[in-house]
Amino acid sequence: MSERSGTCADDPFRGRHPTSHERMTGLPWDASYHHSSPAPWDIGHPQPAIVRLASAGGFAGAVLDAGCGTGENALLVAALGLSVLGVDVAETALEIARKKALDRGVEVEFAAADAFHLERLGRRFETVLDCGLFHTFNGDEQPGYVASLASVTEHDGTLYVLCFSDHGPDTGPHPIRQDELRAAFNPSTGWNVAAIVPDRIQTRFHDDNGAPAWLATIKRI
Ligand SMILES: C[S@@+](CC[C@H](N)C(=O)[O-])C[C@H]1O[C@@H](n2cnc3c(N)ncnc32)[C@H](O)[C@@H]1O
């Protein structure tokens, strides 16, 4: 035990409660980034849906990328000149993301933070991106995550959630129903769903067309 923190120095979860995904796999998220080949979702470029959003002017003000992984989406948005913070629990992913930022000369911040406690950042954001994080949480975890997102999103700010959908063949591993999104994000939790449209998520295990997804645009009340 570290005397200062009271947590085990070799605790792979660094004192936080393992997520349902980590309990299921028996491994911390960081382990996904230890292999010589990239993680299945780590496609080496931004998701096309996020590229389209960025081109359409969907990002404004201070931007948070929750569960940023190796940072491709955060780097895309930061390259537009916006202030971007990418957070993740996987330190290895953050190291890779910081190296990409340095190599590409893009100014962007990457920090370790638990998406269930974003209020600990002590910051607020006009635009928040969740690309592939929401769909890793089970129904018990969703309310805490939604409240955490609400705690850092400015009034009238915009949250984008790109998640696997249950719509169509060859779905991703954690398909989300549209009504699940609407049940999680509603006025009683501080949100109004502005739109949920079918889109795609590219992965390393689907063809170029990717997997069926929802792109949800959700406004903070
Ligand atoms: C499916 S990956 C998507 C990564 C990235 N957004 C992308 O599109 O490549 C999910 C990411 O969320 C991170 N993550 C999972 N649980 C988290 C939590 N509680 N807090 C912060 N990040 C988390 C994982 O480490 C992983 O990098």
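A residue counts as near a molecule if one of its heavy atoms lies within 4 Å of it. In this predicted model, local features need pLDDT of at least 70 and side-chain atom pairs pLDDT 80 or more, while totals for chains, interfaces and linings use all residues. Residues are numbered from 1 along each chain as its sequence is written, and side-chain values use heavy atoms, without hydrogens and water.

The ligand is surrounded by 18 residues. Y33, G67, D88, A115 and C131 are the closest. The shell comprises 11 nonpolar, five polar and two charged residues (Ala, Val, Leu, Ile, Met, Phe, Trp, Tyr, Cys and Pro count as nonpolar; Asp, Glu, Lys and Arg as charged; the others, Gly among them, as polar).

Polar contacts are pairs of N or O atoms within 3.5 Å. A side-chain N or O atom of D88 lies 2.6 Å from a ligand oxygen. A backbone N or O atom of A115 is 2.8 Å from a ligand nitrogen. A polar side-chain atom of W29 lies 3.4 Å from a nitrogen atom of the ligand.

The ligand sits in the largest pocket (more than half of its atoms lie within 2 Å of the grid points). A pocket is an open set of points on a 1 Å grid over the protein atoms alone, where a 1.4 Å probe fits, with protein on both sides within 12 Å along at least five of seven lines; lining residues have an atom within 4 Å of a point. In the largest pocket, 42 residues form the lining. W29, Y33, W41, C131 and G132 lie nearest its centre. This lining has 21 nonpolar, 15 polar and six charged residues.

Key. A polar contact is a pair of N or O atoms within 3.5 Å; within protein, one must be able to donate a hydrogen and the other to accept it, and residues adjacent in sequence count only if both atoms are side-chain atoms.
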